[in-house]
Amino acid sequence: NSLDVIMVAQFLGLKATGVYTIILFLANALQVPYKSMLRISVPLIADYWKQRDMKEMQELYRNFSSASLVIGLAMFLAVWLNIDFLFSFISSDFQPGIWMFFFLMIGRLLDMYFGLNGPIFTTSKKYKFDLYFTILLIAAVFSLNLIFIPWWGISGAAISTTIALFVYNFGRMLFVWFAFRI
């Protein structure tokens with residue numbers, strides 16, 4: 001997110017950066033229940049590793065993904081169905097942020113759905129591979145921002161983040177599947 005903000009400021013100026021940052025905070029605020037669930041799940045995953053209970057870990061993974069996606073979708077729909085009303089309270093300068101919010105939330109929903117990949121990585125013996133995926137994420141966001149921000153402005157930054165989050169999470173999911181059969 002910080003890379004997005006820096007690149008939006010460089011390409012589009014401070015006004016667009018302000019809009020991007022405020023909408024980014026709104027999108028991040030909708031992840032609060034997900035992050036709370038994640039904090040509860042990490043000790044469980046560590047315990048499952050300790051006990052070598054892959055069946056329970058897989059069950060937690062499945063339940064967590066489903067629950068976080070349902071909660072995220074409910075919160076997204078609650079905001080998205082009222083987006084015009086919410087934006088009517090603020091300046092018309094923020095209108096481009098409507099589609100930016102949409103694309104950022106799609107990325108956040110993907111992140112919520114794939115959510116336990118990170119804790120599974122960081123609590124396993126293959127924790128070092130998460131660094132490689134993080135480097136891939138940074139490179140993808142940077143490269144895609146170079147392309148999409150000039151084309152679509154702040155919405156382009158949100159689209160590039162969503163695409164990068166999908167690639168990042170899908171790659172981590174495949175790695176977890178092939179390495180741990182989860």
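Predicted model: local features only at pLDDT ≥ 70, side-chain atom pairs only at ≥ 80, totals over all residues.

Colleague: Which residues form one aromatic cluster?

Modeller: Phe 76, Trp 80, Trp 99, Phe 101, Phe 102 and Phe 103 do. Rings of Phe, Tyr and Trp (its six-membered ring) pair if their centres lie within 6.5 Å; planes under 30 degrees apart are stacked, over 60 edge-to-face, and the rest tilted.

Colleague: Where do Trp 49 and Phe 180 lie?

Modeller: Trp 49 is in helix H3 (residues 32-51) and Phe 180 in helix H9 (residues 154-180), so the pair ties together parts 131 residues apart in sequence. Helices here are DSSP runs (H or I, at least four residues), numbered from the N terminus.

Colleague: Is Trp 49 buried or exposed?

Modeller: Trp 49 is buried, at 11% relative accessibility. Phe 180 is buried too, at 12%. The cut-offs: buried is under 20% relative accessible area, exposed over 50%, partly exposed in between (1.4 Å probe, protein chains only).

Colleague: What about Tyr 113 and Phe 114?

Modeller: They make an edge-to-face pair, 5.5 Å centre to centre with 70 degrees between the planes. Tyr 113 is partly exposed at 39%, whereas Phe 114 is buried at 6%.

Colleague: New topic. At what angle do H2 and H6 pack?

Modeller: About 40 degrees, with the axes of H2 (residues 14-29) and H6 (residues 97-113) 9 Å apart. Axes are lines fitted to C-alpha atoms over the stretch in contact, and angles run from 0 to 180 degrees between N-to-C directions. H2 and H6 are therefore oblique to each other. Under 35 degrees is roughly parallel, over 145 roughly antiparallel, 65 to 115 roughly perpendicular, and the rest oblique.

Colleague: And which residues does Thr 162 contact?

Modeller: Leaving aside neighbours within four places in sequence, Thr 162 touches Phe 103, Leu 104, Ile 106, Gly 107 and Leu 110. Contact means heavy atoms within 4.5 Å. Thr 162 sits in helix H9 and is buried, at 10%.

Methods: Residues numbered from 1 in each chain as written. Heavy atoms only, no water. Helix = DSSP H or I, 4+ residues; strand = E, 2+ residues; numbered from the N terminus.
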